[in-house]
Amino acid sequence: MATRTKRRGVQTVPLYSHIAVETKGVIDAIAAATGCHKNVVIEAIVRHIECDERGVPTWWEGPVAGDQPEELDLRAS
C-alpha cells in the first residue's frame, strides 16, 4: 500500500473498517469535543494502548494468534 503525505507532515495510509454505530458515535463525540479530526482521535487512542511483550493489549481477553493449537490437515489422500 502506497503511503501518502498529509498536511501534518506525517506519512499516512488509508484505513477502512466497519465498526459499530455506537463506536463511531464515541469517536465523533471525542473529535467534536477536542476539535480534532477523527483520524487524530484514533491515533491518540492507539498510542495510549499498553501492550505486553507479544504486542497484545494488556486488557485483551479474546483469542490470541499462536495460543490456539494448529489445525491438522485432514484432506483425503
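**Helix α1 and its surroundings**

Guide: Start at the end of the helix: α1 is followed by Gly35, whose phi is positive, near 75 degrees. Helices here are DSSP runs of H or I with at least four residues, strands are runs of E with at least two, and both are numbered from the N terminus. Residues are numbered from 1 along each chain as its sequence is written. The model is predicted, so local features need pLDDT of at least 70 and side-chain atom pairs count only at pLDDT 80 or more, while totals for chains, interfaces and linings use all residues; side-chain values use heavy atoms, leaving out hydrogens and water.

Helix α1 covers residues 21–34. With 14 residues, α1 reaches 20 Å from its first C-alpha to its last, close to the 20 Å expected at 1.5 Å a residue (the expected span is 1.5 Å times one less than the number of residues).

The partner of α1 is helix α2, residues 38–47; the two pack at an angle of about 105 degrees, with their axes 9 Å apart. Axes are lines fitted to C-alpha atoms, for helices over the stretch in contact, and angles run from 0 to 180 degrees between N-to-C directions. The two helices are therefore roughly perpendicular to each other (65 to 115 degrees; under 35 is roughly parallel, over 145 roughly antiparallel, and the rest oblique). On the α1 side, the contact (heavy atoms within 4.5 Å) is made by Lys24, Ile27, Asp28, Ile30, Ala31 and Thr34. On the α2 side, Lys38, Val41 and Ile42 take part. An α-helix has 3.6 residues a turn, so residues three or four places apart point the same way. By class, this contact has five nonpolar, one polar and three charged residues (Ala, Val, Leu, Ile, Met, Phe, Trp, Tyr, Cys and Pro are nonpolar, Asp, Glu, Lys and Arg charged, and the others, Gly among them, polar).

Now the surroundings. The protein chain has two helices and two strands, in the order β-β-α-α from the N terminus on. Of its 77 residues, 9% count as buried (under 20% relative accessible area; exposed is over 50%, partly exposed in between, with a 1.4 Å probe and protein chains only). Val56, in the segment after α2, is buried, with a relative accessible area of 14%. Leaving aside neighbours within four places in sequence, Val56 is in contact with Glu50, Cys51 and Val64. By contrast, Trp60 counts as partly exposed, at 42% relative accessibility.
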